[in-house]
Structures are given as structure tokens and as C-alpha cells.
Amino acid sequence: MQTLRFKTNIKCAGCIATVTPHLNNLNKLENWEVDIENPDKILKVDADDELKASEIIGTLEKAGYKAEQV
């Protein structure tokens with residue numbers, strides 16, 4: 001199990017609703033949450049060690065959002 005953190009441009013509940021189906025479809029992802037109160041809008045992901053940060057970044061890009069690993 002690993003925990004990854006990303007700076008994102010997910011800024012509201014509507015954004016979270018948009019990315020939810022995309023992130024939930026990642027098989028190796030156990031849990032995720034976005035701190036929209038944080039100025040960097042941090043996405044925290046708990047996932048299998050096999051999941052790469054690039055997969056999450058690519059998934060968010062497909063949903064129309066940007067992410068940068070921190």
C-alpha cells in the first residue's frame with residue numbers, strides 16, 4: 001500500500017463529482033479524497049504499490065483536470 005499526493009485544480013463539489021467515476025474505475029486504487037480547503041487542492045490517494053502516479057495524472061487529464069505529484 002502506498003499513499004500518493006497530488007496538487008490539482010479540483011476546486012469544488014462539482015469537480016469532485018466529475019472525477020469520481022474516473023478515479024473509481026482505477027482497479028489498484030483503494031481510497032481517495034480531495035482537500036478543497038487546501039490552497040493546493042491536494043488529492044490524496046491510497047493505492048496498491050503497483051499503481052503509478054502517471055496513471056492517476058492521466059486519468060485526471062481525461063476527466064479535464066490537471067494534477068502534479070507532490
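## A turn between strands

Lys-41 takes a positive phi near 50 degrees in the hairpin of strand 2 and strand 3, which has six residues between the strands. Helices (H or I, at least four residues) and strands (E, at least two) are DSSP runs, numbered from the N terminus.

This is a predicted model: local features need pLDDT of at least 70, side-chain atom pairs count only at pLDDT 80 or more, and totals for chains, interfaces and linings use all residues. Residues are numbered from 1 along each chain as its sequence is written, and side-chain values use heavy atoms, leaving out hydrogens and water.

## Layout

The protein has two helices and four strands. From the N terminus, the order is β-α-β-β-α-β.

Strand 3 covers residues 42-47.

Two strands pair if DSSP finds at least two bridges between them. Strand 1 (residues 2-8) runs antiparallel to strand 3, with six bridges joining them. Here Phe-6 has Leu-43 as its bridge partner. Strand 2 (residues 29-35) is also antiparallel to strand 3, again with six bridges. Leu-29 has Ala-47 as its bridge partner in strand 3.

## The whole protein

Of the 70 residues, 39% count as buried. The C-alpha trace spans about 30 × 20 × 15 Å along its principal axes.

Contact means heavy atoms within 4.5 Å. Among contacts with a separation of 6 or more, 64% come from residues 24 or more positions apart.

Methods:
Buried < 20%, exposed > 50% of the residue type's maximum accessible area, 1.4 Å probe, protein only.
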